[in-house]
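Hello,

Here is the structure I promised to pass on to you. Have a look at it first, and my notes on what turned up follow below.

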Amino acid sequence: MIDRAVAVTGTLCMAAALVLLWITRLSVPYDLYVSELGATGMPTARVFQIVLLLIVAGGALIAVAGRRIRSRARILRGWTPSISLAAASAFFLVDSQVTCTAGCPLPVGATFTVQDFVHTLVAVLAFAAASWAILQCAFAVGHPALARFSLVAAIAVATISSAGGLMSLFHFEAALGSRFELVATTIGLAWVVVFGASLAVSAPHGIQKLVGQADEPVDLVVVPVDPPALGLGAHRHEGVVLLPDDERAVGA
C-alpha cells in the first residue's frame, strides 16, 4: 500500500509538471527551446523552476515505487530503471538551480559561459538518464504493456530529440527544432506518468511475483508417475511425499 501511495503521489507530480509546462510554453508568443523558459530574466523563469522541481519530486517518488522493476536485456540490466530515473531527477534538480543565461546560447565560441556549460551538460545527462530508463523498461520483465509503450516512446524520443538537437547545434530551422524538443520532452514526461500509473494500479504482491521470472514460453510435458515411488500402496489412500528442499514429510 505504501508503494502504491508513493506511485500515485509521484504520478500526480509528473502530471502537474506536464500541464504546467504546456501552460507556461503557450504563454510565450514565439518559438523557443524549453530551457529558455527558465533563462535569466525570463518572466516564466520562476514557474519553470517549479516545473523542474515537480519533475524532480515525481521522478524520485516513482523511482522508489518502481525499484523492483527489472530489464530482461543483458546490456540494459546492469542497474534498474529506477536508478536511471533517480539519476535523471538528480540532474534536473541541478538544472533547476543552475539556469542558462538569456537566450540559452550554446556554451561555445564568444557566447561561452560556465553557467551555460553546466546547465547544458546537466540537461543532456538528465535527458540521457531518462531515455535509458525508458529503454530499460522497453524490456521490462512481467510487464508487457509497459514494455510495448516504452519501446514506442524510446524510439520516438530518440528520433525527435536527435533531430531537434542537431537543428539547434547547426542553427538550422531553430524554430522547428524547438518544437521538436518540446514534443520529445512531452513524450518523456508522459512516459513517466504512464510508468507511475502502471505502478499505482499494480498489486505489490503481483510485482514481487513477476520480478525476476523470465517470461519465455515453455513446453508442457507429461511425466509418468510410479505410485510405489511416491509411497502409495495398493490398499492405502494416503502417501508421504518428501519436499526437495525440506526434510519434513507432508502427508496427502
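This is a predicted model: local features need pLDDT of at least 70, side-chain atom pairs count only at pLDDT 80 or more; totals for chains, interfaces and linings use all residues.

Staying with the cysteines, a search of the whole structure turned up one disulfide. Cysteine 100 and cysteine 104 form it, with their sulfur atoms 1.6 Å apart. Cysteine 100 is buried at a relative accessible area of 1%, and cysteine 13 is buried too, at 16%.

Next come the salt bridges, of which the search finds four. Asp3, Arg67 and Arg68 are linked in a network of them. Arginine 68 pairs with aspartate 3 at 2.7 Å, N to O. Because arginine 68 lies in the loop between H2 and H3 and aspartate 3 in helix H1, this pair ties together parts that are 65 residues apart in sequence. The closest N and O atoms of arginine 67 and aspartate 3 are 3.1 Å apart. Aspartate 3 counts as buried, at 17% relative accessibility, whereas arginine 67 is partly exposed at 35% and arginine 68 is partly exposed at 24%.

Arginine 25, found in helix H1 (residues 2–26), is worth a look as well. Its side chain meets that of aspartate 31 in a salt bridge (3.4 Å, N to O) and reaches the backbone oxygen of tyrosine 30 at 3.2 Å. Arginine 25 is buried, with a relative accessible area of 12%, while aspartate 31 is partly exposed at 30%.

Happy exploring!

Notes:
Residues are numbered from 1 along each chain as its sequence is written. Side-chain values use heavy atoms; hydrogens and water are left out. A disulfide is a pair of cysteine sulfur atoms within 2.5 Å. Buried means under 20% relative accessible area, exposed over 50%, partly exposed in between (1.4 Å probe, protein chains only). Helices (H or I, at least four residues) and strands (E, at least two) are DSSP runs, numbered from the N terminus. A polar contact is a pair of N or O atoms within 3.5 Å; within protein, one must be able to donate a hydrogen and the other to accept it, and residues adjacent in sequence count only if both atoms are side-chain atoms.
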